[in-house]
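Subject: Structure handover and notes

Hello,

Here is the structure for you to look at. Please read the notes below it alongside the coordinates.

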Amino acid sequence: MKVLLSWLRELAALDADPERIRQALDDLGTPVEDMARLGEGWDGIVTAKVVDLRPHPNADRIQLVDVDTGGDALQICCGAFNMAVGDVVPLATVGTTMPGGMRIERRKLRGEWSNGMLCSTRELGLGDEHGGIRILDGQLPVGVPLAEALGVEPDVLYDLEVNPNRPDAMSVAGIARDLAAHFGVPFTPPSPSPPVGGAPAADAVTVEVLDPDACGRFGAWVLRGVDVAARSPEWVQRRLTASGMRPINALVDISNYVMLELGQPNHPYDLAKVRGGGLRVRRARDGETLVTLDGVERTLTADDLLICDATDAPVGIAGVMGGASSEIDERTTEVLLEMAWFLPSSVSRTSRRLGLRSEASARFEKGCDPEVVPLAAARFCELAAQICGATTAPGAVDVRGDLPDRSPVRVRTGRVNALLGTALTVDDVRARLEPIGFACTPAGDAPGDLDVVVPPFRYDATSEIDVVEEVARHCGYRNIPVRELSKPRRGLLTVRQKERRAVRRLLMGLGLAEVLPLPFLAPGDLERCGLDPRGIELVNPMAAEESVLRTSLLPGMVKAVALNAARRSTGVRLFEIGHVFLPPPGGQVLPDEREHLGVVLAGQAATAAVEVWQVLAEGVRASAPSVVNAEVPGLHPTRAARLLVEGRSVGVAGEIDPGVLGAHGVDDRVAWLEVDLGALLDGPRRSDAYRPVSRFPSSDVDLAFEVPDEVSAFDVERTLAAASDLVWSVRLFDVYRAAPVAEGARSLAYAVRFQAPDRTLTDAEVAEARQALIDAVVRTYPATLRA
């Protein structure tokens, strides 16, 4: 957010020097990323009128411009072509040193003399625009110093970092209010008084809000006698340019000016193009389309909020961008002005999905002030009267929907001091809050506490801790005393931290490498992985491609495999321990956050994931671990299973669906294991008693069974292990699907080790035990022993 010091001083009586104001902004949580001084270094720059334009005889990209500065015409060689004869432009005369340090000399360009330089906005230090020469008001006198002609005083431009929890700092008024409270000076917002006349607005327009949840307020004003050909005054253009906005035409400039000053986005329609003379707010229908002001046809979904005309035809995407069908043009004389409050999450979701970010959507996403709407509309109408000769129709059509709850927040002075380490009184707390709009009243049932009503321009502040943060900001973080801990504290690992580290060591012992993908996904990532696409969306994401909280570790791990595969690093074995965010269960506001373990084994079959599960379950001593075949979203339909501990599901294992891998450019098969680590570690455990190691020799046999696909290999393994007291270990070493095995079945081959703790087994004992295992499997499952 860029803001001029002169603009701030119009709203707050700030007499501190620019450097003190910079420090104050830093202290208030809006750090200054850059501070530039404007209107300095203009000595030698004068106004000049273009009297002739002609091609350069020796260069295609340069033209010769003759300008009048009140004496003899001067020839200038210029690479810009946006001028016309009669335009007034800034001319840096010979000998001038520009704000950037460049000195202007008389010189030849391709054989033609240039007696100075015509200046762009960037060269004057007024903004970043460098697409052509700055065109000035044609009524300005020529040959006078530019600063004098424009009435420009030296100014300071602050470039501020605005965090998501400061919607009020997205306007000049919001920053001025904060600074006024900090310095203890009056804050005076605009008090516009536009000329009013003609038929009431309610006779010309109607407003209907069909989705009051997403549109908490919608106001419509009518302006008549608008001269759209009028030019914005230089001071408006100068402020817009310094703020990073390009002046376009008077109405658009007024719209942007009001948004910057008061933080309220708005949209002017050509009233003659709004069919039926009315607006209605509703959800879009899936597949509905609208051509926006940038000329692009947008396809909408039922999640998008639309502004429609009275015939129900879309004329704008609420909070994001207007439609081309009702755009202001040179024939416009009557304007329908819209100002509204839209639900931040709704605007954010639509803006990200369409990839359409605007200054308006940025403000709506953070949360605008629904109560500033009438003031912002009056300010717009006042400027339109001054610049475009408009008259405002009496009244407005103002429809309210559901707005955020503004119930008082109980703020305990003791809690404030406990959190901040201060010794503030209740009056001290009140003195910090009331100047920034937080209304405070003593809590009748708790002396020393306050009931605080959060102002409507602070959509982010909803709880006591949010109000405490405001107290801290206006106390000044520099002024909060630093205290040493009363005694040294020795850090210790919790039981859960120790168990988590043990799991990491176990997995690294299996040859896996740990990765740390981000917990944020792009819209569509969940769906590409075959998962439910309805993830939890962030209201204020750092980037559109990181706007959805993951509900599974699968998307990030698949991306890791794809990234390695694209660099010809195949067969990677990776694991991650991280958090997933599931939709909140009933009665809970925050997401259901859980710690999961994910394992990905590139080039491996589903059995490899089951083997990791067995080692993990053994390592944490899970009680009665098992594997049950099941269909799992994102995994192969016949090579997936759920992982159980005493019958309770704690995770999934299998092979990732080939369609998911193909969507990420992975050609190989990939095994996958995901476990709810919290549920596993909190679940039942078996005894950690050890069994003695036998000093007698063992006997190994291999058994292969043909079983249907729906029979879990893990269950067969457990049956073998329990069939005889002589079984020391069972290991699945082969899975075979091909002739002569029947369709819908597979061959499972196990290596079984027999061993007794007190003797060497005889051949007869081994044969008897072997038969017991075969009988147990054949009796329990529709299985046959393979030769």
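This is a predicted model: local features need pLDDT of at least 70, side-chain atom pairs count only at pLDDT 80 or more; totals for chains, interfaces and linings use all residues.

Nonpolar cores

The largest nonpolar core has 64 residues. Those with the most contacts inside it are Y158, I175, L179, L223, M339 and F380. Helix 9 (residues 373-388) gives the most to this core, contributing 9 residues. M339 is in contact with V373, A376, A377 and F380, among others, when neighbours within four places in sequence are left aside. The contacts of M339 also include R217, F218, G219, W221 and V258, as well as Q264, P265 and N266. There is a second, separate core of 36 residues, and V274, L279, L354 and F364 are among its members. As background, nonpolar side chains in soluble globular proteins tend to be buried together.

Strand 17 (residues 305-309) is largely enclosed by the rest of the structure, because 5 of its 5 residues are buried. Both of its faces are covered: L305, I307 and D309 are buried on one side, L306 and C308 on the other. In a regular strand the side chains alternate between the two faces of the sheet.

Strand 14 (residues 278-283) runs antiparallel to strand 17 and is joined to it by 5 bridges. Within that pairing, R280 has C308 as its bridge partner. Strand 17 is also joined to strand 18 (residues 314-317), again antiparallel, by 3 bridges. Here I307 is partnered by G316. Strand 17 and strand 18 form a hairpin with 4 residues between the strands, and D312 in this hairpin takes a positive phi near 75°.

R298

Is R298 buried or exposed? Its relative accessibility is 11%, so R298 counts as buried. R298 is found in strand 16 (residues 297-299). Its side chain makes a polar contact with the side chain of D294, at 2.5 Å. Not counting residues up to four places away in sequence, R298 touches E288, T289, L290, T292, I317, L354 and L356. One of these, L354, is also a member of the second core.

Aromatic rings

The structure holds 4 aromatic pairs. In the pair of W341 and Y459, the ring centres are 6.2 Å apart and the planes stand at 55°, so the pair is tilted. W341 lies in strand 20 (residues 335-342), while Y459 is in the loop between strand 25 (449-453) and helix 12 (464-475), so the pair ties together parts that are 118 residues apart in sequence. W341 is buried, with a relative accessible area of 2%, whereas Y459 counts as partly exposed at 30%. Elsewhere, ring pairs link W7, W235 and Y257 into a cluster.

Two arginines lie over ring faces. R106 lies over the face of W113, 3.9 Å from the ring centre. R177 lies over the face of F457, at 3.9 Å from the ring centre.

An open sheet of 3 strands has the order 27-29-28 and antiparallel pairing. Its edge strands are strand 27 (520-521) and strand 28 (536-537), each of which pairs on one side only. Strand 28 pairs with strand 29 (residues 548-549) over 2 bridges in the antiparallel sense, and E537 stands opposite V548 in strand 29.

Regards

Note on methods. Residues are numbered from 1 along each chain as its sequence is written. Side-chain values use heavy atoms; hydrogens and water are left out. Rings of Phe, Tyr and Trp (its six-membered ring) pair if their centres lie within 6.5 Å; planes under 30 degrees apart count as stacked, over 60 as edge-to-face and the rest as tilted. Buried means under 20% relative accessible area, exposed over 50%, partly exposed in between (1.4 Å probe, protein chains only). A charge sits over a ring if NZ of Lys or CZ of Arg is within 6 Å of the ring centre and within 35 degrees of the ring normal. A polar contact is a pair of N or O atoms within 3.5 Å; within protein, one must be able to donate a hydrogen and the other to accept it, and residues adjacent in sequence count only if both atoms are side-chain atoms. Contact means heavy atoms within 4.5 Å. Two strands pair if DSSP finds at least two bridges between them. A nonpolar core is a set of buried Ala, Val, Leu, Ile, Met, Phe, Trp, Tyr and Cys residues joined through side-chain atoms within 4.5 Å.
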